[in-house]
Amino acid sequence: MYLYALKMLINERAKYIGIVMGLSFASFIIVQQASIFIGLMLRTVGFIHDTPQPDIWVMDEKVQYIDDVKPMTDTSLYRVRGVDGVAWAVPLYKGILKARLKSGNYQNCILIGVDGSTLIGSPPVMMEGNIVSLRDPDAIIVDHVGASNKLSLDFPLNQKPLTIGEVIEINDRRAKVVGICNSSRTFQSQPVIYTTFNRALNFAPNERKLLSFVLVKAKEGVDPKLLAQTIQKTTGLKAFDAQDFRWLTISYYLKYTGIPINFGISVLLGFIIGTAIAGQTFYNFTLDNLRYFATFRAMGAPLGMVRKMILIQSFWVGAIGWGIGTGAASISGFFTQYSELAFVLTWWLFLASAISVGFICALSSFVSLRKIQTMDASIVFKS
Amino acid sequence: MEAIRCEKLFKTYGSGANAVQAVRGVDLTVNTGELLLIVGPSGSGKTTLISILAGILPYQEGVCRVFGEEYKEMNEEQKTVFRKNNIGFVFQSFNLIPMLSAVENVAVPLLLNGVAPIEAEIKAQELLSKLDLEDKFHVSPRELSGGQQQRLAIARGFIHEPKLIVCDEPTAYLDHKTGEMVMEILKNRVLNKDRAIIVVTHDPRIFSYADRVVHMEDGLLVEKA
């Protein structure tokens with residue numbers, strides 16, 4: 001009988017497709033929009049992810065997130081180095097500067113100045129050139145997305161990417177490309193340029209304070225969280241381990257930007273439209289088949305069996321719709337992975353969308369089952 | 001053998017000022033081997049009466065014993081099991097499932113009685129062949145003519161060998177010739193000494209097939225012929 005329940009569902013083509021499409025749409029929107037949201041949030045902490053060497057990030061006490069750089073005095077570095085439990089501490093510059101290309105175009109870039117002796121904070125993956133070339137005169141390393149897009153020699157045509165050996169100007173100072181790296185995309189999609197800390201200070205406008213962060217490694221056996229607390233107490237600066245710094249940054253974007261609301265509304269709309277389309281169509285399907293379910297009941301089908309038939313139908317369309325929706329979202333993510341679109345699909349998004357689709361199916365089944373339970377059995381005799 | 005015994009059967013819809021007495025003290029006995037016609041105008045209570053006889057509708061007063069079993073002493077699930085084992089249905093608008101094939105429609109009562117799907121479909125094919133529907137096994141009921149659909153409905157009504165078959169206006173949508181064919185099948189192929197058939201009808205053309213005709217009006221059996 002349960003196989004017949006599926007045949008009843010599948011052979012009612014128009015309604016079947018309507019229900020499946022509704023659930024696919026809901027599932028697609030939920031997964032796709034949530035993936036973009038997660039992708040955007042991860043972009044905000046991409047630089048922390050790309051800098052895995054330090055256990056602790058030390059910054060001015062007023063810093064709210066990674067791009068909210070409030071420079072510290074140079075002496076902050078030495079104060080941090082003096083804290084018990086610190087294995088090493090290196091400076092890091094992070095700022096936004098204008099780069100001038102050969103074509104005359106100007107482009108805002110994120111300039112990262114890493115410790116010249118240890119190169120801690122340098123790009124995670126080199127695609128061309130060698131990281132040690134960063135010590136060459138005027139050397140910079142450019143991320144490959146920036147090199148082939150906003151920093152390309154013929155921007156905005158982007159047919160002549162910036163390559164090793166090319167010279168650009170940063171804040172009117174000569175900078176020579178010695179490498180192309182692969183780094184995480186930034187939230188504002190600006191090109192990322194790496195250089196040494198001291199050279200970054202030369203590129204940067206002259207200010208009294210230019211130290212953005214101090215990167216700290218805890219001595220072996222020292223808990224980074226405890227060390228971060230000690231640094232805060234001792235220096236009056238703010239100190240976080242990488243995980244807490246990530247959350248600080250993400251929390252800022254969640255709290256002070258409209259991103260969660262905008263994406264939340266998209267996800268909610270997908271859920272509501274999916275519920276409306278799939279739920280209503282499924283309920284209509286049950287209503288249209290009420291006479292047949294009543295016929296089964298008259299012929300001796302127990303109420304539990306009819307309930308199971310409806311639940312199986314609901315589970316079936318839910319599974320198919322969820323599969324199509326998440327599959328389409330995954331494919332769209334696959335084909336846009338090298339584009340500007342921020343898209344990160346995690347396993348728990350599959351789970352969350354499955355729960356959402358399950359909820360839609362459960363809701364429509366519940367309404368349909370109520371109708372079945374309250375139906376007038378004698379409708380079988382009505383013409 | 002006595003198939004049905006009803007005594008002082010009452011059925012009222014609604015309550016208070018809106019109460020409508022659909023069946024008012026019906027006494028009825030039907031024996032096995034008998035084809036009984038219940039006739040009467042629309043709204044006379046015929047459908048309510050067969051719904052009670054089939055164990056689908058509850059009644060407020062009186063006795064309704066079907067093969068010795070009193071519905072009032074059964075709960076809903078027991079009545080469901082009783083219907084599954086003992087009663088077959090033929091409906092006015094056929095109530096065939098258009099999304100299932102002819103064979104699958106006929107196999108439903110067997111599946112409900114626990115017969116394995118393959119065996120049920122083989123038996124359904126055998127029965128459909130006997131009713132000259134051997135070339136319609138895998139066709140949807142919506143592709144069949146009215147007569148073919150009613151033959152299918154009859155096959156579904158008695159494939160599981162029920163002791164009572166309840167037919168509601170089985171010839172209402174059929175032309176005279178097809179209506180006669182359907183009654184021929186019910187009378188000559190379905191009815192036997194261990195089985196009773198009750199047919200509710202408006203159609204005077206089929207009165208001749210009845211062993212007995214009872215007339216219903218305003219919820220009462222007022223005339224016997």
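Two residues are in contact if their C-beta atoms, placed from the backbone, lie within 7 Å. The model examined here is predicted.

Helix α8 of chain A runs over residues 242-256 and has 15 residues. From its first C-alpha to its last it reaches 21 Å. This is close to the 21 Å expected at 1.5 Å a residue. Within α8(A), the residues A:Phe245, A:Arg246, A:Leu248 and A:Thr249 are buried. Seen down the axis of α8(A), the buried residues fall within an arc of 160°, so they line one face of the helix. An α-helix has 3.6 residues a turn, so residues three or four places apart point the same way. On the other side of α8(A), A:Gln243, A:Ser251 and A:Lys255 are exposed.

Chain A is divided into two parts. Domain 1 covers 2-43 + 258-381, and domain 2 covers 73-236. Taken over C-alpha atoms, the centres of domain 1 of chain A and domain 2 of chain A are separated by 48 Å. Contact between them involves 4 residues of domain 1 of chain A and 5 residues of domain 2 of chain A. On the side of domain 1 of chain A that touches domain 2 of chain A, 2 residues are nonpolar and 2 are charged. No polar residue is found on that side of domain 1 of chain A.

Attention now turns to the nonpolar cores. In soluble globular proteins, nonpolar side chains tend to be buried together. The largest nonpolar core here has 114 residues. Those with the most contacts inside it are B:Val106, B:Val166 and B:Ile198. Helix α2 (residues 13-44) of chain A gives this core its largest share, 14 residues. Not counting residues up to four places away in sequence, B:Val106 touches B:Ala124, B:Leu127, B:Leu128, B:Leu152, B:Ala155, B:Arg156 and B:Ile159.

The two chains also meet. In this interface, 23 residues of chain B are in contact with 19 residues of chain A. On the side of chain B that touches chain A, at least two residues each come from α1 (46-53), α2 (76-86) and α3 (102-112) of chain B. By class, that side of chain B has 12 nonpolar, 6 polar and 5 charged residues.

How values were computed
Residues are numbered from 1 along each chain as its sequence is written. Chains are lettered from A and ligands numbered from 1 in the order in which they are written. This is a predicted model: local features need pLDDT of at least 70, side-chain atom pairs count only at pLDDT 80 or more; totals for chains, interfaces and linings use all residues. Domain bounds come from an automatic or database domain assignment. Ala, Val, Leu, Ile, Met, Phe, Trp, Tyr, Cys and Pro count as nonpolar, Asp, Glu, Lys and Arg as charged, and the others, Gly among them, as polar. A nonpolar core is a set of buried Ala, Val, Leu, Ile, Met, Phe, Trp, Tyr and Cys residues joined through C-beta atoms within 7 Å. A residue is buried if 20 or more other C-beta atoms lie within 10 Å of its own, exposed if 12 or fewer, and partly exposed in between; C-beta atoms are placed from the backbone. Helices (H or I, at least four residues) and strands (E, at least two) are DSSP runs, numbered from the N terminus. The expected span of a helix is 1.5 Å times one less than its number of residues. The arc is that of the directions from the helix axis to the C-beta atoms.
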